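Good morning, and thank you for coming. Please look at the sequence and the structure on the screen while I speak.

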Amino acid sequence: NTEQPKQNFWYWEIENQLVYSHIQGICTMGRHQLFFIRHGECEMNLQLGTLVGGRASLSPLTEQGVEQAKLLGQYFQKNVDRIKFDRLYSSTAVRAETTARLCIPYLHGFQDQDLLLHSILEEMSQGEWEGQPRDECYNEQVIETLSKDPRHFRAPGGESQDDVRTRVVSFVNDYIVSSDDSTVAVFAHGVVIRCFLDYVMQSQTTNWWMHTVDNTAICKFVHDDKRGWYLDTWNHTQHLDADL
């Protein structure tokens with residue numbers, strides 16, 4: 001039986017490993033602290049039940065997404081004694097960039113021009129399927145093919161999970177591990193964040209996509225020279241709790 005965490009702690013079971021984080025703040029230290037942050041709710045998020053999303057790079061935030069981003073910024077402002085960023089990165093997608101820019105007024109020492117945009121952080125491309133009816137793209141034959149080798153499956157003209165994993169790991173190695181920055185925020189997307197989780201956990205399973213990453217959720221990874229990368233916090237959304 002799994003021992004339940006103490007009252008003041010929250011946890012997630014990911015690949016049968018328990019990950020703990022103190023409910024009052026995200027505070028584990030390491031040589032590099034990487035805060036992956038998913039964008040706020042966008043217009044395409046509301047259509048994913050019927051349409052294939054993919055990059056949808058021009059999809060704007062909804063009103064709720066704007067509010068989520070502001071609440072995230074306020075959370076960082078309240079916790080500035082524990083979370084001080086050295087660098088801010090964002091996907092070039094409108095929804096991710098807007099989320100980051102709505103946070104910036106609440107971040108000590110940062111202005112709009114300090115945000116660094118990288119297309120390598122964009123969501124997984126679904127190629128010719130983007131914006132098309134989901135039930136027409138994912139027919140029985142496609143679902144059978146996908147189930148046999150989900151890591152390497154690509155929509156026509158799109159990317160596979162392994163393609164995304166390769167580029168996000170490359171970004172982290174080139175811009176974070178090799179830098180002197182201690183604490184970094186990266187505003188990105190659900191599949192991008194899950195693919196980095198897959199790399200960190202050295203997962204051999206194919207159900208990584210089942211791990212929830214809510215809009216504006218914080219997923220924190222820590223790196224040190226002995227352990228490499230490890231997961232500290234997953235899907236932290238305390239800032240969206242109106243009672244806090």
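Cys103 is buried, with a relative accessible area of 0%. How many disulfides does a search of the whole structure find? The search finds zero, where a disulfide is a pair of cysteine sulfur atoms within 2.5 Å.

Let me state what kind of model this is. It is a predicted model, in which local features need pLDDT of at least 70 and side-chain atom pairs count only at pLDDT 80 or more, while totals for chains, interfaces and linings use all residues. Residues are numbered from 1 along each chain as its sequence is written, and side-chain values use heavy atoms, with hydrogens and water left out.

Now to the chain as a whole. The chain has six helices and eight strands. Both kinds of element are DSSP runs numbered from the N terminus, helices being H or I with at least four residues and strands being E with at least two. Read from the N terminus on, their order is β-β-β-α-β-α-β-α-α-α-β-α-β-β. Of the 244 residues in the chain, 50% are buried. Contact means heavy atoms within 4.5 Å. Among contacts in the chain with a separation of 6 or more, 72% are between residues 24 or more positions apart.

Lys70 lies in helix α1, residues 63-78, and is partly exposed at 32% relative accessibility. Leaving aside neighbours within four places in sequence, Lys70 is in contact with Leu102 and Tyr106. Pro105 is 35 residues from Lys70 along the chain, and their C-alpha atoms are separated by 9.2 Å. The second residue, Ser182, sits in the loop between α5 (161-177) and β6 (183-188). Ser182 is partly exposed, with a relative accessible area of 27%. From Ser182 to His223 there are 41 residues in sequence, but 9.6 Å in space, C-alpha to C-alpha.

I turn to charged side chains. Side chains of opposite charge can pair when their charged atoms come close. The term salt bridge here requires a side-chain nitrogen of Lys or Arg within 4 Å of a carboxyl oxygen of Asp or Glu. The whole structure holds 10 salt bridges. One of them joins Arg101 and Glu97, at 2.9 Å from N to O. Where do Arg101 and Glu97 lie? Both are in helix α2 (residues 94-103), four residues apart, about one turn of the helix. Arg101 is partly exposed, at 25%.

Because they are four residues apart in helix α4, Lys148 and Glu144 are separated by about one helical turn. Lys148 is exposed at 65%, whereas Glu144 is partly exposed at 46%.

Another salt bridge links the side chains of Arg154 and Asp163, at 2.8 Å from N to O. Arg154 is partly exposed at 45%, and Asp163 is partly exposed at 25%.

Next, the backbone. Most residues other than glycine have a negative phi, and most peptide bonds are trans. Ala56, however, has a positive phi, near 40°. Ala56 is in the loop between β3 (32-38) and α1 and is buried, at 15%. Asn235 also has a positive phi, of about 55°. Asn235 is found in strand β8, residues 228-236, and is buried at 11%.

Finally, the lining of the largest pocket. A pocket is an open set of points on a 1 Å grid over the protein atoms alone, where a 1.4 Å probe fits, with protein on both sides within 12 Å along at least five of seven lines; lining residues have an atom within 4 Å of a point. The largest pocket is lined by 32 residues, and those nearest its centre are Met124, Gln126, Arg134, Val191 and Arg194. The largest share, three residues, comes from α6.

Definitions and conventions: Buried < 20%, exposed > 50% of the residue type's maximum accessible area, 1.4 Å probe, protein only.
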